[in-house]
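Please open the structure in your viewer and keep the selection tool at hand.

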There are 2 protein chains.
Amino acid sequence: MHVTSEQRLDDGILERAFTLGEIPGILWTPETASASAPAPLILLGHPPLGLRTMHPRLVDRARHAAAEGFATATIELPGSGDRPRWPAAEQARADLRRVMAAGEPVGDEIIDALVLPLVERAVPEWRAALDALLELPEIGGPVGYSGGVISIGIRLAVVEPRIAAAGLFAGSLVPRALFAEARQVTVPVHVLLQWDDEGNDRQAALDLFDALGSEEKTLHASMGGHTGVPPFAGDAAIRFFSRHLR
Amino acid sequence: MHVTSEQRLDDGILERAFTLGEIPGILWTPETASASAPAPLILLGHPPLGLRTMHPRLVDRARHAAAEGFATATIELPGSGDRPRWPAAEQARADLRRVMAAGEPVGDEIIDALVLPLVERAVPEWRAALDALLELPEIGGPVGYSGGVISIGIRLAVVEPRIAAAGLFAGSLVPRALFAEARQVTVPVHVLLQWDDEGNDRQAALDLFDALGSEEKTLHASMGGHTGVPPFAGDAAIRFFSRHLR
């Protein structure tokens, strides 16, 4: 992990841009974090729109988490931002745009082609990022994963034992194979659902919530579209992490 | 309103039993409530099992609310506790027990016969209780309604302008007529759903949530059965009232 730049935000949060091999990432630590009082870490998932585009929303989430004493970090997804595309993903994105423009239902083949390779590639990268981040003296476990592509969150919660709690954002482009994996999730899960999410099949989201194997799982549905998560729903997600990462 | 007994609970809450005409009720006020700093009021709804049976759970909810500065009050439902039964309701209850024991689906006629007269009778009583309670100098508005028979909560939220926020407990014995009323609800609504509620049709609960007309509505689903609402879900309901009754 190589820090490429750092700046202190106005509320005392240290924002560090880093690279992990070829992968860019960002780490935010509250000023309270130190080697003697390491901050628990929340990995910030995000949609595959590129870190530059997502930066303002990620900083908001990082500030919110830092106010409760959490460090947060994120990395660029494979095929997003400045990272190389691969032909099959480009084809799947083009297919998705085409059927959505035509108002047709999005078939399983497109979802699988779009999401499964992303999950396959991303999850080992997030685990490698976790290895590197947890070596920093001011960062401690246990670790949470929050938001982003729900299929990545589910796979990560299943395969990565350091993930102690997962806050997931209900999205409907979930490969059928991931429903079986959802049953294997055992850590506490907190799912946000935007009831009128234009890009979301509500029933699919409820089915996925039902499938999650965790003994403690909560679903918080709020009104509004995909990016309209109300502030109190964000507050509740942070309280979920406070309950489980302390 | 006639106070029949009062006692101070160990945490300084004043519990007053009262009667309003023939109707017994209970009022809990936090010690911080005074004429110069009146406490906002939350009406505590409850299932038709009688106030005596419900008392321990009601006191828990009253304590929880008092810790956040809220006064709470409840009244006996028509046909519950020591209040007179009426034949049609007794018949409907017997019919319900019979079809549930037989594992048959509960038909609309039974639901209508059971719930509609209860709503018709109860709602004017809760409004009369509100008149009386708001005359006390230590009680102020705005007023919230919390839990209990969801059809009563919906009707009250529609017809009673002093109700500024409603916390509802998703139950499935909802007459079809109430779905139309739900669309007329405009106050902020917070709905608790127990995902594996043995007495609850989950899909009906989700449909009713969808029907609610409020611009701000949130659904909090948690694992467990009817009486298994986790403490953090209760905390979230109180925070909902704190956002809207202050």
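Between which strand and which helix of chain B is the place of B:Trp195? Select B:Trp195: it is in the loop between strand S8 (189–194) and helix H6 (202–211) of chain B. Helices (H or I, at least four residues) and strands (E, at least two) are DSSP runs, numbered from the N terminus. The model is predicted, so local features need pLDDT of at least 70 and side-chain atom pairs pLDDT 80 or more, while totals for chains, interfaces and linings use all residues. Residues are numbered from 1 along each chain as its sequence is written, and chains are lettered from A and ligands numbered from 1 in the order in which they are written.

B:Trp195 counts as buried because it has 20 C-beta neighbours inside 10 Å (buried: 20 or more other C-beta atoms within 10 Å, with C-beta atoms placed from the backbone). Next, select B:Arg202, B:Ala221, B:Ser222 and B:Met223, with which B:Trp195 is in contact, leaving aside its neighbours within four places in sequence (contact: C-beta atoms, placed from the backbone, within 7 Å).

Now turn to chain A, which has 7 helices and 9 strands. Select helix H2 (residues 87–101) and helix H3 (residues 108–133) of chain A; they pack at an angle of about 140°, with their axes 9 Å apart. Axes are lines fitted to C-alpha atoms, for helices over the stretch in contact, and angles run from 0 to 180 degrees between N-to-C directions.

Finally, display the whole of chain A: of its 246 residues, 43% count as buried. Its C-alpha atoms fill a box of roughly 55 × 40 × 30 Å, taken along the principal axes.

How values were computed. A residue is buried if 20 or more other C-beta atoms lie within 10 Å of its own, exposed if 12 or fewer, and partly exposed in between; C-beta atoms are placed from the backbone. Two residues are in contact if their C-beta atoms, placed from the backbone, lie within 7 Å.
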